[in-house]
Amino acid sequence: MKRFTAAERFASRLRELRQRADYSYETLAQKTGTSRSSVHRYCTGSSVPQDYGPAHRIAVACGATPAELRELHRLWALADVERAEAAGPTAPAESAEPAEHAEPAESAGPAEPVESFASAEPAPPAGGPASERRSWRRLGVALAVTGLVLALAAWGVSVLASPADDTAPDGRLLFSDACGPVISMGQNDGCVRDVQERLRGRGARIGVDGSFGPETLRRVTAFQVLAGLVPNGVVGDPTKKALHESQVRMETWSPEKVRQRVREVFTEVPDDAVAIADCQSFLDPLHILPNTNGSRNWGLFQISDARLGELGGTPAQALDPEWNIQAARKLWSRERDFGDWPHCERALRKTPAAPSASASR
């Protein structure tokens, strides 16, 4: 029986999605902003995209479910590692490049978040009080977490501790056969737990439950940025090695310190600025949100890749809370409004008060 490669399994899943949607290669290319030849190569297995973004756009255009998107990301991660190994030692094991023909995000806020990576939140009523906005946000997070749990339960996975005799000779579980070449989104086992424990040991605020969900993805990506690795969100050999050997620390500002500093910088509109940061990142300086076009938004005010380019910054700088707040101040100062964060700005707008009886006379 033929043993299929990771690239072939990845391509097979893309083909299934394309055939189910009954789209031609030309139609998919138009829907995703990718060349027809690239779509054909990815679906036939002749090449693997160096960034997950193109595959995600194809899957979304074909109507993939959140569970299918998580599985596709896992298959891409395995195929990416397989390709790097085949290329030889000169190629990094976790390579990525900007998505082909991807359009940069137009605003600092997430225009089109990756459904399987980020928790989708229902929009709060415009003009509602801060407590009402927080209630909507909590509801959105609760719904996203519930959906993730249900999807994983339906997927039939369980958190299993890796047996001791499967560890590598030097005792490093992540390098053992039990963990395989890559640990990625949707995985649930002792290998993920080990990653989470190592991230927590470096100061990251992260739950340790053995489930590779959106929170773990964000923390892994932040660690990769801080460690100088390609931030692809999957734990291959370079990230495993860094988790064991690098001196990177992930302690950052508390929400209380963030609020205080935002108020100090945005002296004209302190309350609104704090509300925008809270809406964007829950006041988490290491918050990272991927978009379907392959770009990302970084840090407290979710500064987009496009805005980073304009400001001359880097992802590592964007994860520094002081730099992020100052960058947001520059963006606000252009028009003295929060137009760069349209989704959150709408929540700040107050409903005009009804005219009083005396005024109407």
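Tutor: A salt bridge is a side-chain nitrogen of Lys or Arg within 4 Å of a carboxyl oxygen of Asp or Glu. Side chains of opposite charge can pair when their charged atoms come close. The model here is predicted, so local features need pLDDT of at least 70 and side-chain atom pairs pLDDT 80 or more, while totals for chains, interfaces and linings use all residues. Residues are numbered from 1 along each chain as its sequence is written, and side-chain values use heavy atoms, without hydrogens and water.

Student: How many salt bridges does a search of the whole structure find?

Tutor: The search finds 16 salt bridges. In one of them, arginine 336 and glutamate 268 meet through their side chains at 3.5 Å, N to O. This pair links distant parts of the chain, 68 residues apart: arginine 336 lies in the loop between H14 and helix H15 (342–348), and glutamate 268 in the loop between H10 and H11. Here helices are DSSP runs (H or I, at least four residues), numbered from the N terminus.

Student: Is glutamate 268 buried, exposed or partly exposed?

Tutor: Buried means under 20% relative accessible area, exposed over 50%, and partly exposed in between, with a 1.4 Å probe and protein chains only. Glutamate 268 has 37% and is therefore partly exposed.

Student: Which residue does glutamate 322 meet in a salt bridge?

Tutor: Its partner is arginine 261, at 2.8 Å, N to O. Glutamate 322 belongs to helix H14 (residues 321–335) and arginine 261 to helix H10, 61 residues apart, so the pair also links distant parts of the chain. Glutamate 322 is partly exposed at 24%, and arginine 261 is partly exposed at 24%.

Student: How far apart in helix H1 are arginine 13 and glutamate 16?

Tutor: They are 3 residues apart in H1 (residues 6–21), which means a separation of about one helical turn.

Student: How do helices H10 and H11 cross?

Tutor: Axes are lines fitted to C-alpha atoms, for helices over the stretch in contact, and angles run from 0 to 180 degrees between N-to-C directions. The axes of H10 (residues 255–265) and H11 (residues 270–281) come within 8 Å and cross at roughly 135°. H10 is therefore oblique to H11, given that angles under 35 degrees count as roughly parallel, over 145 as roughly antiparallel, 65 to 115 as roughly perpendicular and the rest as oblique.

Student: Which residues of H10 and H11 make the contact?

Tutor: Contact means heavy atoms within 4.5 Å. H10 contributes Arg259, Val262 and Arg263, and H11 contributes Pro270, Asp271, Ala273 and Val274.

Definitions and conventions:
Helix = DSSP H or I, 4+ residues; strand = E, 2+ residues; numbered from the N terminus.
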